[in-house]
Amino acid sequence: AAFPALPRISLCCLLGKEKFHKSQLWGYCNNVAMLVGEDKPGIGGEPLPGQKLKPKHSVFPREVGSDAPAWVAFDKQVLSFDAYFEEEVPDKNQELYRIRHCKIYFYLEDDTIQVVEPQVKNSGITQGTIVRRHRIPLPPPNEDQFYTVDHFNINIEVILYARRYRIVDCDEFTKNFLRKMGVRLNPPACRPDDPYTKERQKIVDNMKPLRPYERLDTLRQFLEYDGHVLRFFCVWDDQESMFHDTRELVLHYYLSDDTIEIKEIVPVNSGRDAVPLFLRRDKLPKYAPPGLFQPGTITSRTVLNVFGGLVGNKGRYILDNRKTGAVHQEFYKDCDLTIGAVINVWGRKIILCDCDEFTKEYYRTKYGITDFTPIPYKAPPPPEIEKKLPPYTGFGSEEDSLCSCLGLLPKPPQKDFKKFMEKDRKGLESNILRFLAKLITDNPIDKERKFIISYFLSDDTISVFEPMQRNTGILGGKFLERSRIKKPGQELFKSEPSEYFKAQNLFVGARVCFHGHNFLLVDADEYAFNYMEKHANEFSMADISVILKKLKAVAEPCSREVKQMFAAADPDHTKVIEYDSFRNLIVNITNGALSEHEIMTLGRCYSLREDSEMDVHFLLAVAQEQLKKKSFENFGQLSAVFVYNDHEKCGVLPHETCRTICKSFRLPLADDLLQTVLTHHRFEDGREKVEYKKLVDGLNWRENQIPAFQTIKVPLKYEDDWSGQLPSLPVKRIKYLTLLEDLFGKEE
């Protein structure tokens, strides 16, 4: 009856002493009364008419930062304010209140606030983080909102959880940021001092210590020279020892604290114990006292007894600033250590003979010393005793017998495993040099015998094989087992190791003697020629530059006659001559100065090589095999493209046009194989044109299949099957004009 205008629910709430927040109102949703908030937006998030939404976070202008969210744009950006607050002290008479200084940090990325109080020594107060980092609500009656950047300025007060903080100043970044936000900054306020702390500081300043100490600051020297060590090489002539030894020492001077450390270099088998240090690290006095000082004689400071024994047995001591009666002891410094100086190490005279490069640079920079001539202190090494080996006894190999003289426990001779791995057979690389040889004898039967000498590069062994010849009456086969062969004319029982045949001793035209059999090397296989020419630095007989120098030295005085001889050997002026004529001319010009191998190398270098005819069927079979693997079957379309490009309808097209069509059609053939097929004589006429119909028919593996294995007419020959026959492509003709130009220059 007392409240007739209020609804029942409001009356009940008032009677129940319930309080409603002003942001909470009653409304209707789908004809149902419910409690709604005044900050609830309308449809689509648009504010309702007359509604003012309160910002939940800091609102930054569009011109500030970028369009990125705040937690990205303002990451690790913090506003720092200097503040203080007053705290009452009700339980102490000395102080009624206390001024506590702190820092207020506002994090822009999420509007969180943190309050931190710096640590003060001997304050007796728990300091550090006062308010941990989180969003802090505004004081009542706005506790539904939080602090934003707009609530901060200089010389204002903020209330954080009922505690009033006075902001007096901020850092430069905070000032610039607030100015960009459009905030007019107030002038900075003064920071008051705590009266009790100020009073305590006066008491501390007026106090005098009962025992004043001298302050010796060595931190600067340590920080500047820590890790910098001077090193000297020294000698101590120990004359008092039994054998008058000379001891080698290394002195380390530490610049960080002026200490010295000495280590001894103990030679091997010297009979001395290897102690870790000759002198432990410490300051070294300049002179050796007559006796050791009693404990307490040398101190860092001295004191005076003021009363002495006047007042009973008690004394009054004060610090002696003048250090009356103090024992002053000088220590070695870096200025005392130079090359040639003699230092006293507790009664031992040590001579500084040399130093390292860092020490030289230090003295050159600090003291200007440039003379660092070392003093010779090491005794000359004793002459090495020549080890004389006993002569070979004849039992076993020389290497095996030598190993029994090198140690008490005989070990088998070590082989060159690295050379074996490098020069062993690898795929098609056999690393075997084969030569065709004949016996040097007067026996007419043995003159016709042929031998194959194989030199194995992996272990320098040689084997001789005799091919079987029909109607000779000699059974061929293995003539000499694979082994290392000594050169003839050497003494058997001697101390020096014997010399064996090397790869450089075998070449065409060489005469070798294997166990009493004299051989003449008359030819070599293609692999041997190629290997020796490839490694010309090891085989001088196959080095074309060396051969040309020797030939030029002989033929240059008579260059006109040499040119006339070559011109007479070519009456038809074809610019090439036969190899036999070329060989005879070189032999006549040099009078046998060049070996047969050098002449053959010269001929191989200037030879006119002729391309061998290739089997057309084999070529087409290989092409068909590639097309079949790639599943290419569009031969009809390929033929149509050729016909379309043939405007004259004559059945032929230029070579380049056919190649372009095959490439544009993506014919799955290797480039070199396609080029060989197009340039072959079967598909070309005199005008360098290709009959494309025959080309397509030859490549069509569906209709005109050619078995690849049936087209191989000549069986494959392996390198091990070489029987001394002439190579399939011998040197036939020589381009002598090129040789003459390299020898005598080009004629103008």
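The accessible surface of the chain comes to about 51400 Å² in this predicted model. Carbon and sulfur atoms account for 53% of that area. Of the 748 residues, 31% count as buried. The chain holds 20 helices and 26 strands. Among contacts with a sequence separation of 6 or more, 56% are between residues 24 or more positions apart.

Part of the nonpolar surface is contributed by a patch of Leu 219, Phe 222 and Leu 223. Together these residues expose about 310 Å² of accessible area. Phe 222 belongs to helix 5, which spans residues 219-225. Its relative accessibility is 38%, so Phe 222 is classed as partly exposed. An α-helix has 3.6 residues a turn, so residues three or four places apart point the same way.

Strand pairing was examined around strand 3, residues 78-88. Strand 3 and strand 4 run antiparallel and are joined by 11 bridges. In this pairing, Glu 86 stands opposite Ile 99 of strand 4. Strand 3 also pairs with strand 8, residues 163-170. That pairing is antiparallel too, with four bridges. Here Phe 81 faces Cys 170 of strand 8.

Salt bridges number 39 in the model. One of them joins Asp 110 to Arg 133, with the closest N and O atoms 3.3 Å apart. Asp 110 sits in the loop between strand 4 (97-107) and strand 5 (112-117), and Arg 133 in strand 6 (residues 128-134), so the bridge ties together parts 23 residues apart in sequence. Asp 110 has a relative accessible area of 29% and is partly exposed. Arg 133 is also partly exposed, at 34% relative accessibility.

A second bridge brings together the side chains of Lys 286 and Asp 336, at 3.2 Å from N to O. This pair links distant parts of the chain, 50 residues apart. Lys 286 lies in the loop between strand 12 (279-282) and strand 13 (303-305). Asp 336 lies in the loop between strand 14 (317-319) and strand 15 (342-345). Relative accessibility is 29% for Lys 286, which therefore counts as partly exposed. Asp 336 is partly exposed as well, at 23%.

A further bridge connects Glu 533 with Arg 604, with the closest N and O atoms 2.8 Å apart. Glu 533 is in helix 10 and Arg 604 in helix 14, and the two residues are 71 residues apart. The partners fall on opposite sides of the 20% cut-off for burial: Glu 533 is partly exposed at 29% relative accessibility, whereas Arg 604 is buried at 10%. Salt bridges also form a network through shared partners. Its members are Glu 87, Lys 92, Glu 95, Arg 98, Arg 100 and Glu 117.

Helix 14, residues 596-605, is mostly covered. Eight of its 10 residues are buried. These are His 597, Glu 598, Ile 599, Met 600, Thr 601, Leu 602, Gly 603 and Arg 604.

Lys 360 is in helix 6, residues 357-366. Its relative accessibility is 16%, so Lys 360 counts as buried. Beyond its neighbours within four places in sequence, Lys 360 is in contact with Asp 354, Cys 355 and Phe 372.

Asn 344 is located in strand 15. At 12% relative accessibility, Asn 344 is likewise buried. The side chain of Asn 344 reaches the backbone nitrogen of Arg 348 at 3.5 Å. Asn 344 and Tyr 332 lie 12 residues apart in sequence. Their C-alpha atoms are 9.5 Å apart in space.

Terms used:
Residues are numbered from 1 along each chain as its sequence is written. This is a predicted model: local features need pLDDT of at least 70, side-chain atom pairs count only at pLDDT 80 or more; totals for chains, interfaces and linings use all residues. Side-chain values use heavy atoms; hydrogens and water are left out. Patches are made of residues with over 30% relative accessible area and no salt bridge: like charges are joined within 9 Å, nonpolar side chains (Val, Leu, Ile, Met, Phe, Trp, Tyr) within 5 Å. Accessible areas come from the Shrake-Rupley method with a 1.4 Å probe; for residues, only the protein chains shown count as cover. A salt bridge is a side-chain nitrogen of Lys or Arg within 4 Å of a carboxyl oxygen of Asp or Glu. Buried means under 20% relative accessible area, exposed over 50%, partly exposed in between (1.4 Å probe, protein chains only). Contact means heavy atoms within 4.5 Å. A polar contact is a pair of N or O atoms within 3.5 Å; within protein, one must be able to donate a hydrogen and the other to accept it, and residues adjacent in sequence count only if both atoms are side-chain atoms. Two strands pair if DSSP finds at least two bridges between them.
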